[in-house]
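Me: I have a structure open and some questions about it. Can we go through them one at a time?

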Amino acid sequence: MMASIIIPAHNAAATLAECLTACLEQGYSRNEVIVVDDGSSDDTPRIAGQFPVEFVRQEQQGPAAARNHGARMAKGELLIFTDSDC
């Protein structure tokens with residue numbers, strides 16, 4: 001079963017790298033990581049681009065809309081949601 005890890009991110013440059021590293025180091029190998037940038041004005045897109053993740057940008061609509069956007073993109077049967085500062 002494939003899992004999709006969905007991360008809404010708004011101005012998450014300070015914490016996103018650590019979050020993505022943790023997500024990508026999970027023991028379960030059949031997963032994808034999706035970062036939904038919710039209208040950031042910092043280096044969030046650049047940082048996400050340094051990792052093998054799917055990245056999409058939307059106008060700022062809040063974390064719930066970003067989670068829903070990521071869920072629509074997901075290919076996994078299991079959806080996992082976390083925040084960029086976890």
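Me: Where is Ile-47 placed?
Reply: Ile-47 is in helix H2. Helices are DSSP runs of H or I with at least four residues, strands are runs of E with at least two, and both are numbered from the N terminus. This is a predicted model, in which local features need pLDDT of at least 70, side-chain atom pairs count only at pLDDT 80 or more, and totals for chains, interfaces and linings use all residues. Residues are numbered from 1 along each chain as its sequence is written, and side-chain values use heavy atoms, with hydrogens and water left out.

Me: Is Ile-47 buried or exposed?
Reply: Ile-47 is buried, with a relative accessible area of 9%. Buried means under 20% relative accessible area, exposed means over 50%, and partly exposed is in between, using a 1.4 Å probe and protein chains only.

Me: What is Ile-47 in contact with?
Reply: Ala-13, Leu-16 and Ala-17, leaving aside neighbours within four places in sequence. Contact means heavy atoms within 4.5 Å.

Me: And Leu-16, what does that touch?
Reply: Not counting residues up to four places away in sequence, Leu-16 touches Ile-7, Val-35, Thr-44, Ile-47, Ala-48 and Ser-84.

Me: Which residues touch the most other members of the largest nonpolar core?
Reply: Leu-16 is one of them, along with Ile-7, Leu-20, Cys-23, Val-33, Val-35 and Val-53, in a core of 14 residues. A nonpolar core is a set of buried Ala, Val, Leu, Ile, Met, Phe, Trp, Tyr and Cys residues joined through side-chain atoms within 4.5 Å.

Me: Which elements supply at least two residues of this core?
Reply: Strand S1 (3–9), helix H1 (16–24), strand S2 (31–38) and helix H2 (44–48) each do. H1 gives the largest share, four residues. There is also a second, separate core of six residues, including Ile-6, Ile-34, Val-36 and Ala-74.

Me: Back to H1. Which of its residues are buried?
Reply: Leu-16, Cys-19, Leu-20 and Cys-23 are buried in H1. Seen down the helix axis, these buried residues fall within an arc of 95°, so they line one face of H1. The arc is that of the directions from the helix axis to the C-beta atoms.

Me: Why would residues three or four places apart point the same way?
Reply: An α-helix has 3.6 residues a turn, so residues at that spacing point the same way.

Me: What covers the buried face of H1?
Reply: The cover over its buried residues includes S1, S2 and H2.

Me: And H3, which residues are buried there?
Reply: In helix H3 (residues 63–73) the buried residues are Ala-66, His-69 and Gly-70. Their arc, seen down the axis of H3, is within 95°, so they line one face of that helix. S1, S2 and strand S3 (54–58) are among what covers them.

Me: Different topic. How many disulfides are there?
Reply: A search of the whole structure finds zero. A disulfide is counted here as a pair of cysteine sulfur atoms within 2.5 Å.

Me: What about Cys-86, buried or exposed?
Reply: Cys-86 counts as exposed, at 57% relative accessibility.

Me: What is the phi of Asn-11?
Reply: Phi of Asn-11 is near 50°, a positive value in a residue other than glycine. Most residues other than glycine have a negative phi. Asn-11 is in the loop between S1 and H1, and counts as partly exposed at 35% relative accessibility.
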